[in-house]
Amino acid sequence: DAAHRVRYRIGDSVARAGATTAAFRFAGVQIARDFTLEPGFVTTPTPTLSGVATMPSVVDLYVDGALRLRERVEAGPFTIADPPVVTGAGAARVVVTDVLGRERVTSQRFYAGREMLRPGLSDFSVALGVLRENFAIESADYGRAVVSGLYRLGVSEAFTADLRADASGGSTGVLVGASWTPDTIGQFDMSIARSFGSDGEGVQARLGWMRSSAAFSLSADVETTEEGFARASATFAPPRTRAALSAGASSRRHGAVSFTATLADHRETDDLMTAAIEYAPPLERFGTLGLSLLYTDDGETEISAGISLVTPLGQTRALSQSVTSQGGRLSAQARAQQTPLQEGGLGWRVAARVGDNPRTEAGLSLRGRFGEADIEASRTWRQNGLRAQAAFGLVWIDGGLHLAQPVRESFALVDAGAPNVRVLRENTAVGVTGTDGRLLVTALRPYERNRIGIEINDLPDGALVVEDALTATPGPRAGTVVRFPVETGAAGDTRIVDETGAPLPVGAILMAEDQRYPVGRDGRVFVGGVHAPKVLRRAGADACEAIIDRAALDASSPIICRRVS
């Protein structure tokens, strides 16, 4: 239901996080808000920027130094609602330039919190069914019944309330939470949950804080759980205390570095503590280099270190290497691959790992107009493996059945009006039209404007096309027809004169249906798509008509544009 931004699901699905659970798999019915049904809809609070223009002016909006918006305003007060900002901390600068070239600059700092909702905006999810167990291990393995509900409401620009509840088997849980973004110091997330029933009773509390910007981010999170607390859809008990800390910084000159640390105090097993640091220096010319160091303590201390390098070799090929030291054991891995092009082709990959857990593998991928296939072989020190798969799409659209690549998103049937014409999706070639001049294009984004184009140089000689790019906005897993108005036939340059023998004036416009034919020097006009007599009309006080056919294009004599009353 795109009009109300609500999605209904029946069958196997993933429920959102419940009161005392993370997201879980289940089979049943789910009704939930889905803001992606309207891609341009802004859900998070954004700063409102305003000013006053003393005369007609141009307003430029810069966010973190980058130009994000430019618009003209009349004299008087103006407001920029829903400015294009990113989440996290930032600085907005509004530059007002009047018709005399005078500038006035105002600046404002802001913080746009993730998961925050605009005042009055609500989000909800209700799921009812049975839990999915042993996913990817057993088929059709379902357990006890479960019901889960979520409701979130944007109370103000800086406060979003959160209410969750779920029940499964003998356990029921409720949670009350809130997200708060005071000024520009970051976002606080707070929640308290309680479970009760035959599986146990107890309380779980959580407090988190995060602040991010283009150059630096920092977050901290702590959660404590009573012994009797039970998760409705989990088979293991949560730790007594869980804490996490992360920080990151990046710059074009020095690269990116990140640090994370976690601590989990378990009741029945050893405590777990981890600390990791990663660094990616700015080596864009040579590829992407990554350095990592990991410390783990779960009763036994272990330190791991690694280095990796990914080097692109053209548009579709890449080479990667990595070396890892874990617990004193050294291992190395190398991988080379070529990805098949979108319009079709052959891809391959080979990889080898030596040292700890040795492994070799190789694979081939084939992507074609009517599907894709993949085969892979692997060998480890214990066993050999072989895997093969093929997939295709079958679509009924515009009164016909079409075989195509797998349909996982939305699709469009493109009619280019001629065979062997390359079709482009977002300026990337995705295939060639068949003998019927058509191609089914998959992997379109639902509810968004997808740019579909054709390569006009592939059209037959004399073919005319008004537009070489159109947009398609299909629904989810649905399709649309994109027809390009292509005219095929004879084409050529001819000379058009009036009844006195004088050439038509330069710049005069002749029309044939919706197509315009401008007149050049000495009355010369280029006309294409002539497979039947075509009438070119000139409007206005000197209205006249010229009839052009194949014979007229081949003749050397001029064509007379005869006056019409």
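What follows is a friendly set of questions and answers on this predicted model.

Trainee: Which strands give two or more residues to the nonpolar patch?

Mentor: Start with the patch itself, about 900 Å² of surface made by residues including Leu 245, Phe 259, Ile 277 and Leu 330. Strands that give two or more residues to this patch are E17 (255-265), E18 (272-280), E19 (288-297) and E20 (301-312).

Trainee: Is Leu 245 buried, partly exposed or exposed?

Mentor: Leu 245 is one of the patch residues, and it lies in strand E16 (residues 241-251). Buried requires under 20% relative accessible area and exposed over 50%. Leu 245 has 40% relative accessibility, so it counts as partly exposed.

Trainee: Which element gives the most to the lining of the largest cavity?

Mentor: The structure holds 1 cavity of 30 Å³ or more, with about 30 Å³ of space in the largest cavity. Its lining is formed by Thr 324, Ser 325, Gln 326, Arg 329, Ser 331, Arg 353 and Asp 356. Strands E21 (317-326) and E22 (329-338) each give two or more residues to that lining. The top contributor, with 3 residues, is E21.

Trainee: How do the residues lining the second largest pocket divide into nonpolar, polar and charged?

Mentor: This pocket has a volume of about 290 Å³. Of its 19 lining residues, the closest to the centre are Gln 342, Arg 367, Gln 405, Arg 425 and Thr 442. Strand E32 supplies the largest share of the lining, 5 residues. The lining divides into 7 nonpolar, 5 polar and 7 charged.

Trainee: How many residues apart are Arg 7 and Asp 34?

Mentor: Their side chains meet in a salt bridge at 2.7 Å, N to O. Arg 7 is partly exposed because its relative accessibility is 23%, while Asp 34, at 14%, counts as buried. Arg 7 sits in strand E1 (residues 6-15) and Asp 34 in the loop between strands E2 (24-33) and E3 (49-53), which puts the pair 27 residues apart.

Trainee: Which residue forms a salt bridge with Asp 398?

Mentor: Asp 398, in the loop between strands E27 (393-397) and E28 (400-404), pairs with a residue 85 residues apart in strand E36 (residues 479-483). The closest N and O atoms are 2.7 Å apart, and the partner is Arg 483.

Definitions and conventions. Residues numbered from 1 in each chain as written. Predicted model: local features only at pLDDT ≥ 70, side-chain atom pairs only at ≥ 80, totals over all residues. Heavy atoms only, no water. Patch = residues over 30% accessible without salt bridge, like charges linked within 9 Å, V, L, I, M, F, W, Y side chains within 5 Å. Areas by Shrake-Rupley, 256 points an atom, 1.4 Å probe, with all protein chains shown as cover. Salt bridge = Lys/Arg side-chain N within 4 Å of Asp/Glu carboxyl O. Helix = DSSP H or I, 4+ residues; strand = E, 2+ residues; numbered from the N terminus. Buried < 20%, exposed > 50% of the residue type's maximum accessible area, 1.4 Å probe, protein only. 1 Å grid on protein atoms, 1.4 Å probe; cavity = no way out; pocket = protein on both sides within 12 Å on 5 of 7 lines; lining within 4 Å. Points joined across faces, edges and corners; volume = space filled by probe spheres on them. Nonpolar A, V, L, I, M, F, W, Y, C, P; charged D, E, K, R; others polar.
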